[in-house]
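This briefing is for a reader who wants to go through a structure topic by topic. Please look at the sequence and the model first.

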Amino acid sequence: MCGIIGYTGRRPAGPIVIDGLKRLEYRGYDSAGIALLDGDHELYVARSVGKLDRLDAHVEGTLPPAVAGIGHTRWATHGEPSDANAHPHLDPSGRVAIIHNGIVENFETLRARFTDRGATFLSATDSEVIAHIVAEQLEASGDLVEALRLTTLQLEGAHAIVAVATDEPGRLVAARVGNAGGVVVGFGDGESFIASDLAALLPNTRRVAFLDPGEIADVRADGVAFIDGEGRAIEKAVKTQPYDPVAAVKGRYKHFMLKEIYEQPETALDAVRGRYLPDLARVSLGDEFPFDAERVRRIRRVILIAMGTSMHAAMVGRHYIERLARIPAEIDNAAEFRYRQPVIDDETLVVSVAQSGETVDTLWAMEEARAAGCPQLTVCNTPGAQSTRVADGTLLMRAGPEIAVASTKTMLGSMIALHALALHLGRVRGTLDEAVEAEQVAAALRAPAAIGQALLLEPRIAQLASRYAQREDFLFLGRGLSLPVALEGALKLKEVSYIHAEGYPAGEMKHGPIALIDENVPTVALALDDGLRDKMRSNIEQLKARRGPVIAIVSAGDHSLDGVADDVIELPPIDPLLSPLVSVLPMQLLAYHIAVERGADVDQPRNLAKTVTVE
Ligand code: F6R
């Protein structure tokens, strides 16, 4: 969750660290802090509760010309957001400073060891004890790398840690323990970087290496050495990453969320490009799909695992795999999957969906699947992320950087990747009719235009948003392929506007949730012409009989709910199987505009973080 950045090199470290934090703020914004080292072994530390602009104002004009520095944006786990709980944390002598992402599960026992000797702790965090242990180990070994390595052996849980010491001002040491989020090392010209996310490094360097769990990086301006958990030197491949400077700025949009909603026609184009072949009327996954035909025929079922919005995309994918490939498919919340001793084996294809590729719940579930010998694919938006290294193959979402904390375009990229995967599996197993594949390929190639048309609904949705912005409860209903969209509508609204919203299968409504309905509780009902519309119509009638306002989302040209629902939003034409690609847009736009009406912080909603690296 927390964002981590470090720099050592020929330029003043302070502004580079602060700039890196700006690119990481979406990971957590409860507090921020930096520690800078100058060549005279002095440590400069600044910390501020709240968003980064508070720290920025606090340090203005005071930054020393440091040779190295570390910075941290916090998403609080242990200890409320406060200056004292902000990272970096120091040992009592001020010799060592650390930043940390993860949870020290045995921190109370570790702390007691020091408090029993009379040490005092200045924060309520689980992280501060790491600085004490590193300092203790540094005293014993005289070497910061060895000190951090020995420290990690004492910590329970999963961690990413960067440590600096005043003894060696130009040196940063970073460790990754378990699946607590990524650690990426950047190689510059006479300078080196360390960060939790690639995005923080790309403006400075595109040459990077990712730490695997258990690895440590010894980072100096003129080079980086890597060791494994046993202290043995290892070689890491340096990769050159693509960088799109335009994708990371808001441009003419007021918020990243709106910009990313508007980028979806392009996301769809990128997601179909090269995968859907119009001349051959088929899909081609190329290197993205690592299994041969024999292996594919041995698959007896598919389990899709993910969290949050990615799980809603996976739910759509489940329909695709069952309908197009005719393989039994299930969807599981990754955090539940891990702990329920799933019955899986090498005939179970596990497909994870994760925009970050670093979500700890999803990574642990993938480890579970790996231990059971399952073939694995991941749908991911971040090349090189940990999920791509665990899976046998990766289908990229191709959505470009997603900065708003609430996901939009990555869900779209995931749904298209899963549609292509289902077509591929169906063809290889001989369960997909050629004509159906041709029809689906043509429909997917028309989807970017339909998504563009769906954006034209924005003014209408903005009007609805201003009408309903002050309501305190919302219901979202759907059936079949529209159920994941309804769940996503409710999630988006909760996340960005803080309105209580529930997403339900429409058939379930009368089994309880209908008790919520009165004239103050609006329902968004996805009633598309997909064979289930008449059932949805009955559900809408039931809501109206209880005076509940209804916004119906319907297929192009469908007027059957005019006069029944209070408002009817007509989607552009699209193949019924691909309808979630367009029906999700009104959900996103409604949540966005209601949040704006309520004055909420759209891009950085309270309590959330973009990459969830703690359980
Ligand atoms: C919602 C949202 C989250 C993420 C979830 C999984 O807008 O962004 O629900 O979808 O935390 O994240 P990834 O996809 O990175 O595994």
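The model is predicted, so local features need pLDDT of at least 70, side-chain atom pairs count only at pLDDT 80 or more, and totals for chains, interfaces and linings use all residues. Residues are numbered from 1 along each chain as its sequence is written, and side-chain values use heavy atoms, with hydrogens and water left out. The ligand is surrounded by 14 residues, and the protein buries 92% of the 400 Å² that the ligand exposes when taken alone.

**Ligand site**

- The shell around the ligand holds 14 residues, and the closest are Ser310, Gln355, Ser356, Thr359 and Glu495; a residue counts as near a molecule if one of its heavy atoms lies within 4 Å of it.
- By class, the shell has 7 polar, 5 nonpolar and 2 charged residues. Here Ala, Val, Leu, Ile, Met, Phe, Trp, Tyr, Cys and Pro are nonpolar, Asp, Glu, Lys and Arg are charged, and the others, Gly among them, are polar.
- Helix 10 (308–325) and helix 17 (482–497) each supply at least two residues of the shell. Helix 10 gives the most, with 3 residues. Helices (H or I, at least four residues) and strands (E, at least two) are DSSP runs, numbered from the N terminus.
- The ligand sits in the second largest pocket. On a 1 Å grid over the protein atoms alone, a pocket is an open set of points with protein on both sides within 12 Å along at least five of seven lines, where a 1.4 Å probe fits; a molecule sits in a pocket if more than half of its atoms lie within 2 Å of its grid points.

- The side chain of Thr359 places an N or O atom 2.4 Å from an oxygen atom of the ligand.
- Taken alone, the ligand exposes 400 Å², of which 92% is buried by the protein. Accessible areas come from the Shrake-Rupley method with a 1.4 Å probe; for residues, only the protein chains shown count as cover.

**Buried residues**

- Buried means under 20% relative accessible area, exposed over 50%, and partly exposed in between (1.4 Å probe, protein chains only).
- Arg176, in strand 8 (residues 172–177), is buried at a relative accessible area of 1%. Its side chain reaches the backbone oxygen of Gly178 at 3.3 Å.
- Asn381 lies in the loop between strand 21 (376–380) and helix 13 (386–390) and is buried, with a relative accessible area of 11%. A polar atom of the Asn381 side chain is 2.9 Å from the backbone oxygen of Gly400.
- Val316 belongs to helix 10 and is buried at 0% relative accessible area. Val316 and Leu481 are 165 residues apart along the chain, while their C-alpha atoms are separated by 6.1 Å.
- Ala195, in strand 10 (residues 191–195), is buried at 1%. From C-alpha to C-alpha, Ala195 is 9.8 Å from Ala160, 35 residues apart in sequence.

**Backbone geometry in loops**

- The peptide bond from His87 to Pro88 is cis, with omega near 0°. Pro88 is in the loop between strand 4 (68–74) and strand 5 (89–90).
- Ala281 has a positive phi, near 55°, and is not a glycine. It lies in the loop between strand 16 (276–277) and strand 17 (282–283) and is partly exposed, with a relative accessible area of 28%.
- Arg547, also not a glycine, has a positive phi of about 65°. Arg547 is placed in the loop between helix 18 (533–544) and strand 26 (550–554) and is exposed, at 53%.

**A glycine pair**

- Gly286 is in the loop between strand 17 and helix 9 (293–297) and is partly exposed, with a relative accessible area of 46%.
- Gly286 and Gly274 are 12 residues apart in sequence, and their C-alpha atoms are 9.0 Å apart in space.

How values were computed
A polar contact is a pair of N or O atoms within 3.5 Å; within protein, one must be able to donate a hydrogen and the other to accept it, and residues adjacent in sequence count only if both atoms are side-chain atoms. On a 1 Å grid over the protein atoms alone, a cavity is a set of points where a 1.4 Å probe fits but cannot get out, and a pocket is an open set with protein on both sides within 12 Å along at least five of seven lines; lining residues have an atom within 4 Å of a point.
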